[in-house]
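Biologist: Walk me through this model, term by term. I want each label set against its cut-off.

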Amino acid sequence: MVCALGASVCFGTATVLQAMAARAADAGGGDGGGTAFAVTLFLRAVRQWRYLAGLALDGLGFLLQIAALRSVPIYAVGAALAASLAVTAVVSARLLRVRLKGREWGAVGVVCAGMALLGIASGTEGDRGGPTALKYAMLGTALAVLALALWGGRLPDRARALALGLGAGFGFGVVEVAVRLIDSLAPSALPANPAAYALLVGGGAAFLSLTSALERGSVTTATAGMVIGETIGPALVGVVWLGDRTREGLAWVAVLGFAVAVAGALALARFGEAPAHSAPQSPLRIP
């Protein structure tokens with residue numbers, strides 16, 4: 001559970017540091033717009049220590065996420081990753097001087113309470129390897145998310161952000177499950193395991209989906225969809241097929257903690273992208 005919370009802190013803090021770098025790059029670059037401006041702004045931002053520090057934290061967070069998925073149930077890891085929005089909100093209030101309203105501070109407290117309940121109730125990682133069909137199902141889901149990422153821009157405006165956000169969440173969820181389905185990291189075993197391809201395709205497709213969602217629609221709607229997609233489905237897969245369980249007699253506490261943490265994260269969905277004025281809208285969190 002410590003690794004999952006560590007990943008949450010890394011992802012949430014990285015978002016703010018990268019947003020600060022984007023703000024500073026925009027302040028020194030004059031007016032502009034379009035793809036060329038976005039690329040120029042990115043090149044300015046990536047030369048700053050804050051942006052590089054954010055990338056380093058993203059990398060550390062990903063390693064901690066993998067470690068967590070190897071030691072605690074998927075439902076606890078998913079809720080912890082959603083809780084990174086609370087970290088982003090708190091760090092934004094400190095470093096970006098974003099003023100949090102009372103209900104937003106309340107949502108941060110709700111997320112913390114939910115994670116505390118999960119910490120009390122979570123058992124150990126399930127000991128089932130999952131059926132072979134599940135590996136192919138994850139690969140099929142990853143390919144479906146990739147198709148949505150490539151063609152989702154054609155959806156009507158009102159449906160686009162939610163659909164692409166949900167797609168990104170499903171893609172990140174595929175990554176969570178695929179990590180558990182890879183039972184050997186030997187070079188000879190990985191090419192024969194469909195879960196390895198699901199992990200790569202799912203992560204890339206999720207990133208593309210979230211990028212498109214944030215560029216073309218509401219950040220709040222897209223992030224809310226992502227939180228739902230990356231928490232509920234993987235949690236059910238972990239319980240039904242991979243043997244994830246709670247401590248004896250505390251199943252109801254785990255369910256309550258999961259629901260509370262996700263609800264609090266949804267209330268903070270606008271922090272899925274830290275405010276950066278004219279900075280290009282792109283996802284800074286890669287769980």
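Biologist: Which exposed residues does the face of helix 3 turned away from its buried side carry?

Modeller: Trp-49 and Leu-63. Exposed means over 50% relative accessible area, buried under 20%, and partly exposed in between, with a 1.4 Å probe and protein chains only. This is a predicted model, where local features need pLDDT of at least 70, side-chain atom pairs count only at pLDDT 80 or more, and totals for chains, interfaces and linings use all residues. Residues are numbered from 1 along each chain as its sequence is written, and side-chain values use heavy atoms, with hydrogens and water left out.

Biologist: What makes the buried residues of helix 3 line one face?

Modeller: The buried ones are Tyr-51, Gly-54, Asp-58, Gly-61, Gln-65, Ala-68 and Leu-69. Seen down the axis of helix 3, they fall within an arc of 90°, so they line one face. The arc is taken from the directions that run from the helix axis to the C-beta atoms.

Biologist: How many helices and strands does the protein have?

Modeller: There are 11 helices and 0 strands. Both are DSSP runs numbered from the N terminus: helices are H or I with at least four residues, strands are E with at least two.

Biologist: Why is the pair Glu-104 and Arg-270 called a salt bridge?

Modeller: The rule asks for a side-chain nitrogen of Lys or Arg within 4 Å of a carboxyl oxygen of Asp or Glu. In this pair the closest N and O atoms are 2.7 Å apart. Glu-104 lies in helix 6 (residues 102-121) and Arg-270 in the segment after helix 11 (251-267), so the pair ties together parts 166 residues apart in sequence. Glu-104 counts as buried, at 7% relative accessibility. Arg-270 is partly exposed, at 36%.

Biologist: What does Arg-180 form a salt bridge with?

Modeller: Asp-244, with the closest N and O atoms 2.9 Å apart. Arg-180 sits in helix 8 (residues 157-181) and Asp-244 in the loop between helix 10 and helix 11, 64 residues apart. Arg-180 has a relative accessible area of 7%, so it is buried. Asp-244 has 1%, so it is buried. By this rule the count comes to 2 salt bridges.

Biologist: Why is Gly-217 called partly exposed?

Modeller: Its relative accessible area is 25%, so Gly-217 is partly exposed. Gly-217 lies in the loop between helix 9 (194-216) and helix 10 (219-240). Gly-217 and Gly-165 are 52 residues apart in sequence and 9.7 Å apart in space, C-alpha to C-alpha.

Biologist: Which residues have the most contacts inside the largest nonpolar core?

Modeller: Met-115 and Leu-268, in a core of 60 residues. A nonpolar core is a set of buried Ala, Val, Leu, Ile, Met, Phe, Trp, Tyr and Cys residues joined through side-chain atoms within 4.5 Å. Helix 4 (residues 74-82) gives the largest share of this core, 8 residues. A second, separate core has 11 residues, including Phe-172 and Met-226.

Biologist: How much of the protein counts as buried?

Modeller: Of its 287 residues, 50%.
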